[in-house]
Amino acid sequence: MRIRINRRGWAVLVGIPVFLLTIAAAFMFTMFTSSAQASTDLPSGPATVEVTVIPGDTLWGLASEYAAGYEVNAAMNHIEELNSIDAGVLYVGDTLDIPVLSN
């Protein structure tokens with residue numbers, strides 16, 4: 001059995017692969033000629049101070065003592081985030097990063 005293809009069939013048969021190759025070539029050209037570059041600078045986070053937990057320390061106490069300029073509840077939340085603290089539990093000897101306002 002012989003298959004016959006008309007002009008429209010040839011256009012589709014040849015046109016679709018040519019179209020896809022053109023899109024791929026344009027994408028590759030754009031990728032390699034782009035002037036966008038990643039920054040080598042590390043992102044700067046909030047200024048922090050390192051504090052070692054001693055017996056009797058609480059998250060509230062550390063936040064109110066060291067995080068001057070911050071609202072205490074917000075500072076407590078930030079300390080928990082920075083140090084991956086679950087349920088506000090502190091362990092003696094742990095070193096915590098506490099956010100401070102830099103001038």
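**First look**

Biologist: Where is Ile5 found?
Modeller: Ile5 is in the segment before helix 1, which covers 7–33 (helices are DSSP runs of H or I, at least four residues; strands are runs of E, at least two; both are numbered from the N terminus). This is a predicted model, in which local features need pLDDT of at least 70, side-chain atom pairs need 80 or more, and totals for chains, interfaces and linings use all residues. Residues are numbered from 1 along each chain, and side-chain values use heavy atoms, without hydrogens or water.

Biologist: How far is Val12 from Val53?
Modeller: Their C-alpha atoms are separated by 72 Å, and Val12 and Val53 are 41 residues apart along the chain.

Biologist: Changing topic. How do helix 2 and helix 3 cross?
Modeller: Helix 2 has residues 59–66 and helix 3 has residues 72–83; their axes come within 9 Å and cross at roughly 110 degrees (lines fitted to C-alpha atoms over the stretch in contact, with angles from 0 to 180 degrees between N-to-C directions).

Biologist: So what do you call that arrangement of helix 2 and helix 3?
Modeller: Helix 2 is roughly perpendicular to helix 3 (65 to 115 degrees; under 35 is roughly parallel, over 145 roughly antiparallel, the rest oblique).

Biologist: Which helix has Asn77?
Modeller: Asn77 lies in helix 3 and is partly exposed, with a relative accessible area of 45%. From Asn77 to Leu59 the C-alpha distance is 9.3 Å, and they are 18 residues apart in sequence.

Biologist: What about the phi of Ser84?
Modeller: Phi of Ser84 is near 50 degrees, a positive value in a residue other than glycine. Ser84 is in the loop between helix 3 and strand 2, which covers 95–99.

Biologist: Is Ser84 buried or exposed?
Modeller: Exposed, since Ser84 has 62% relative accessibility.

Key:
Buried < 20%, exposed > 50% of the residue type's maximum accessible area, 1.4 Å probe, protein only.
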